[in-house]
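User: I am new to this structure and would like to go through it step by step. Could you show it to me before I ask about particular places?
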Amino acid sequence: MQQQTAFRRAEKKHKAQHQLPNLSDVIDVSAIDASDGAAVRRLCLTHDMCQPSVLPFQPFCQDRPPAYTLRDHPGLIVIPNPFTAEAQRWIARKCLCDCTRPPNHTNLDPFFDLPSQSLFSLASGPTNNKPAGALTRVEAQHMVASRVQSDSIDPSVSKPKGKIYMQSAPAADLLERLRWCTLGQQYNWTTKEYDLGTSVFDCELNALMRSIAEAITNPAYAACNRSEDWPPINKYEGSEFVSQAGIINYYHERASMAGHVDKTEESMDAPLISLSIGLSCIYLIGGPTRDTEPTPLLLRSGDILAMCGDSRLAFHGVPRVLSDTAPECLTLPNAGDNDSVAARYPNWHNFATYLSTHRINCNARKCM
Ligand SMILES: O=C(O)CCC(=O)C(=O)O
């Protein structure tokens, strides 16, 4: 019998849904002492996290928040939640309202003709118990595999390829089936190429991603008295970063994402920048093959993870989402009612309900 790879073993260990999550070997960089541990080292950002001029609010709590890297995963940078509560809510609103609309693609597209209004507003609105078919009756032509695995996908959507089926579903049910949407250059999960056309990458989200790219340019290691040499972290000049493609992943509490490498982009020098919102998760970061022992990391709402240098081509995945871990700044029903963008995206209580039981990951890449 073929031996399981180290990555697969770690996935199985952390994924076991019948067990309570075991966080004993999961690294929580926020709990690391200010100097450093054996495997984690603190970084000093050498550039500020600046408010992009297109954003009407301050997204960051500090100019130079603490940042960390891992000895066994050169180039990985984790910044534990540097965002203001308003910024976290803004990212959630963007990911649920603006980004899921056509021409961006979602995993539901092969099955449902999604409306130009976002699925989230439709599901939250007064028509939310009307079958979406009334608005979005569609032809389900073939099954597109989602990389977010789920054991609760409605079997009625798994239709044989090539057949045409009509189906309709309430918008609220479809929202529960939303697994991903693609931004900018549209990624094709079948060919593994960016060959499905291009939509305009949300300019405000791009501005936020670029300000993060600038802040993580060439960070320094925080002073420490160990003589061991650690390699440079990220020499990429962040002012050149443009979000050309992105994926937003929507995880319900029992969802996971299998280990993979993101290697379609031509530009591997630029970091892949990834934001977490909502529930926490266990994230596995490995090496160039599945045989490298991965490190499990705890990612919380607001955390930034950047894959730079060698880690840009590392296997990674999300074996487990952790229930009941979303922060109150997201889950209190009126938390976002006075935000500067509240008029544009009203009724925070609907977002609060979704974020209490879901994790959103929003990532951006430069392709060329
Ligand atoms: O959800 C995450 O944090 C990881 C997402 C990811 O690996 C991807 O979209 O390629």
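User: In which loop does Asp-324 lie?
Analyst: Asp-324 lies in the loop between β15 and α7 (328-331). Helices (H or I, at least four residues) and strands (E, at least two) are DSSP runs, numbered from the N terminus. This is a predicted model, in which local features need pLDDT of at least 70, side-chain atom pairs count only at pLDDT 80 or more, and totals for chains, interfaces and linings use all residues. Residues are numbered from 1 along each chain as its sequence is written, and side-chain values use heavy atoms, with hydrogens and water left out.

User: Is Asp-324 buried or exposed?
Analyst: Asp-324 counts as exposed because its relative accessibility is 73%. Buried means under 20% relative accessible area, exposed over 50%, and partly exposed in between (1.4 Å probe, protein chains only).

User: What is the phi of Asp-324?
Analyst: The phi of Asp-324 is near 55°, which is a positive value in a residue other than glycine. Asn-347 also is not a glycine and has a positive phi, of about 60°.

User: Where is Asn-347 found?
Analyst: Asn-347 is in the loop between α7 and α8. With a relative accessible area of 43%, Asn-347 is partly exposed.

User: And helix α8, how many of its residues are buried?
Analyst: Six of the eight residues of helix α8 (residues 348-355) are buried, so the helix is largely enclosed by the rest of the structure. The buried residues of α8 are Trp-348, Asn-350, Phe-351, Ala-352, Tyr-354 and Leu-355.

User: Let us turn to the ligand. Which residues come nearest to the ligand?
Analyst: There are 13 residues around the ligand, and Asn-249, Tyr-251, His-260, His-316 and Arg-359 come nearest. A residue is near a molecule or strand if one of its heavy atoms lies within 4 Å of it.

User: Which strands supply at least two residues of that shell around the ligand?
Analyst: Strands β9 (245-252), β10 (256-260), β15 (316-322) and β16 (358-365) each supply at least two residues. The largest share, four residues, comes from β16.

User: How do the shell residues divide by type?
Analyst: The shell around the ligand has four nonpolar, five polar and four charged residues. Here Ala, Val, Leu, Ile, Met, Phe, Trp, Tyr, Cys and Pro count as nonpolar, Asp, Glu, Lys and Arg as charged, and the others, Gly among them, as polar.

User: How far is an oxygen atom of the ligand from an N or O atom in the side chain of His-260?
Analyst: The distance for His-260 is 2.9 Å. An oxygen atom of the ligand is also 3.0 Å from an N or O atom in the side chain of Asn-363, and for the side chain of Asn-361 the corresponding distance is 3.3 Å.

User: How much of the ligand does the protein bury?
Analyst: The ligand taken alone exposes 290 Å², and the protein buries 97% of that. Accessible areas come from the Shrake-Rupley method with a 1.4 Å probe, and for residues only the protein chains shown count as cover.

User: Now helix α2. Is Lys-94 buried or exposed?
Analyst: Lys-94 lies in helix α2 (residues 85-98) and counts as buried because its relative accessibility is 2%.

User: With which side chain does Lys-94 make a polar contact of 2.7 Å?
Analyst: That partner is the side chain of Glu-204. Another polar contact, of 2.9 Å, joins the side chains of Lys-94 and Asp-98. A polar contact is a pair of N or O atoms within 3.5 Å; within protein, one must be able to donate a hydrogen and the other to accept it, and residues adjacent in sequence count only if both atoms are side-chain atoms.

User: What about Leu-96, where is it found?
Analyst: Leu-96 is found in helix α2, and at 1% relative accessibility Leu-96 counts as buried. Leu-96 and Phe-120 are 24 residues apart in sequence and 6.0 Å apart in space, C-alpha to C-alpha.

User: One last topic: which peptide bond is cis?
Analyst: The peptide bond from Pro-102 to Pro-103 is cis, with omega near 10°. Pro-103 is placed in the loop between α2 and α3 (119-124).
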